[in-house]
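Hi everyone, thanks for making time.

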Amino acid sequence: MWKKLKMIPLAALVFVCVYPFCFLAAGSLMGKGEIQECLLSVMADADGYAHFPWLPRYPTCQSYVEILLDSPEFFVMFWNSVKLTAGILAGQFLFGILAAWGFAKGTFPFRKILFTFYILLMMMPFQVFMLSDYLLLDWLHMLDTHRGIVLLCIFSPFPVFIMYRFFHQVPQALVEAARLDGASQWQVFWHIGLPGGSTGILSALVLSFLEYWSLLEQPMTFLKSKQLWPLSLYLPNIGLEDAQAAFAASVIALIPAVLVFLAGQDYLEKGIMAAAVKE
Amino acid sequence: MKKKYRGCGFGFVLPSLLGVLLFIAVPFFDVVRRSFMKAASGTWAGLSNYRMVFSNTAFQTAAGNTLRFEAVCIPLLLALSLAAALALYGLERHVRLLKSCILFPMAVPAASVVLLWKVLFHENGLLGGLMHLFHLPGADWMNTPWAFWILVFSYLWKNLGYDMVLWLAGLSGIPISLYEAAQADGAGRWQCFRYITLPNLLPSLFTISVLSVLNSFKVFREAYLAAGDCPHESMYLLQHLFNNWYRDLSMDKMAAGAVVQAGVIFMMVLLLKRAWD
């Protein structure tokens, strides 16, 4: 009885979580006429209320065709998003993996204090560093460039924090044994650390991807030229007047994130959970 | 043997640490210095920038809203996600599917979901239609104090799954034998929860709160994308204010504001860490 009863709120929760996807998918498959009919009161401030069907009555791929074939600027934005995300992830991993390993297994002085410093930086919201980021980019002549945005994001302490947890679980005995057998620091890292922490690396990758694919604050502040904008900045500018394009573009922006989510769900969960484990 | 490895591992941290110092810490200390200067003339200004920030009504509104937002959202999110985790914990079937569904909003970019928010919360939108169906008064949700609650909702929507997984991690760490022993002694469902589950989850609580606060700063994305630069007063957050200052090139206000905020978060993290350790 109890089990049956608690399925009701759970089902409601699942509905709330999944409905936006159904909404976007259905909308993107509607023709221009159907969207206008459903959303007229929102689009044109007409009387009455908007309504929205579960499935399009006359499904069509017209809006995808239009946005993929007839709007070159959409491709540019999509490509910008890909470039920014790829650059940031690559940099974060180059520096982050090494740092996480060093923090987890190193024995150097001030290790704890330095790690606390990283956690402290991790907690700061964007606006705290807004001015310093601006001054830095201005000084480096990197305002309004992708390189500048990537530079600001690659030293984010968050992936270090996640990967640290996984490297920490690599048995210390294994590391000691390898060192006794004469392995160099680099060999220990390469042959024991990397395989042992690979789950953590993937977890941090998935979390970072979801975060940076919808990155908004930095590009909004530091990218003036429209042709450099990522999708997350471009989408809201489409506006409801062009609802058809907005729906299709929203779905296309969603697809990479959904694919990463589905493929990496186990890692995503492990990455989230890693933060909860107390040392 | 130990001595030989003293200082080991620092080389691994060094590249990242240099980057953090050069590109984050040093520029920030420059901002701290600037917060005591006049931006235009570069002369010493003492605390006048800070006085200017604190007496600024926009700052008071934004800081008040941000605090109110945290005070409402974090307890709500913690309670709801714990309830969801408990509901999921005892299930035998469909757990994976349910978890996927509840985690799904995490993957939805803010820019995509904003379209639904616009259609849902427009004066003549879906929510208005639903209210009309039940003969309840509607509103132009985004331009009334309801805007704040829309923001709360979108934060809960996005982060419930994340926090639920965190709670599940905490729950799975509680030995089943504890419950079995309690049940053998005749403890009821509520007693088990009150005297076993809650105390054992307490260590997770601090981490989960910290991560929830961290994620709450990102709610600005939804707020900005749905309502633009000048949202309703009730959802005007510190990030909006900083954007406006940035546009006006009010460097001295930005510097002092950043230092104040960094100080508040610094104190908060230290306090939480003390409670955590």
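This is a predicted model: local features need pLDDT of at least 70, side-chain atom pairs count only at pLDDT 80 or more; totals for chains, interfaces and linings use all residues.

Let's start with the second largest pocket, whose volume is about 450 Å³. A word on terms: on a 1 Å grid over the protein atoms alone, a pocket is an open set of points with protein on both sides within 12 Å along at least five of seven lines, and lining residues have an atom within 4 Å of a point. Grid points are joined across faces, edges and corners, and the volume is the space filled by probe spheres set on the points.

This pocket is lined by 18 residues, and the closest to its centre are Phe15(A), Tyr19(A), Leu120(B), Leu126(B) and Leu130(B). Two or more lining residues come from each of H1 of chain A and, in chain B, helix H5 (110-121), helix H6 (126-133) and helix H7 (146-172); helices here are DSSP runs of H or I with at least four residues, numbered from the N terminus. The lining has 16 nonpolar, two polar and no charged residues, where Ala, Val, Leu, Ile, Met, Phe, Trp, Tyr, Cys and Pro count as nonpolar, Asp, Glu, Lys and Arg as charged, and the others, Gly among them, as polar.

Residues are numbered from 1 along each chain as its sequence is written, chains are lettered from A and ligands numbered from 1 in the order in which they are written, and side-chain values use heavy atoms, leaving out hydrogens and water.

Of its 49 lining residues, Glu211(A), Tyr212(A), Leu214(B), Lys218(B) and Arg221(B) lie nearest the centre. Helix H11 (residues 198-213) of chain A gives the most to this lining, with six residues. By class, the lining has 32 nonpolar, 10 polar and seven charged residues.

A salt bridge is a side-chain nitrogen of Lys or Arg within 4 Å of a carboxyl oxygen of Asp or Glu, and between chain A and chain B the count is five.

How values were computed: On a 1 Å grid over the protein atoms alone, a cavity is a set of points where a 1.4 Å probe fits but cannot get out, and a pocket is an open set with protein on both sides within 12 Å along at least five of seven lines; lining residues have an atom within 4 Å of a point.
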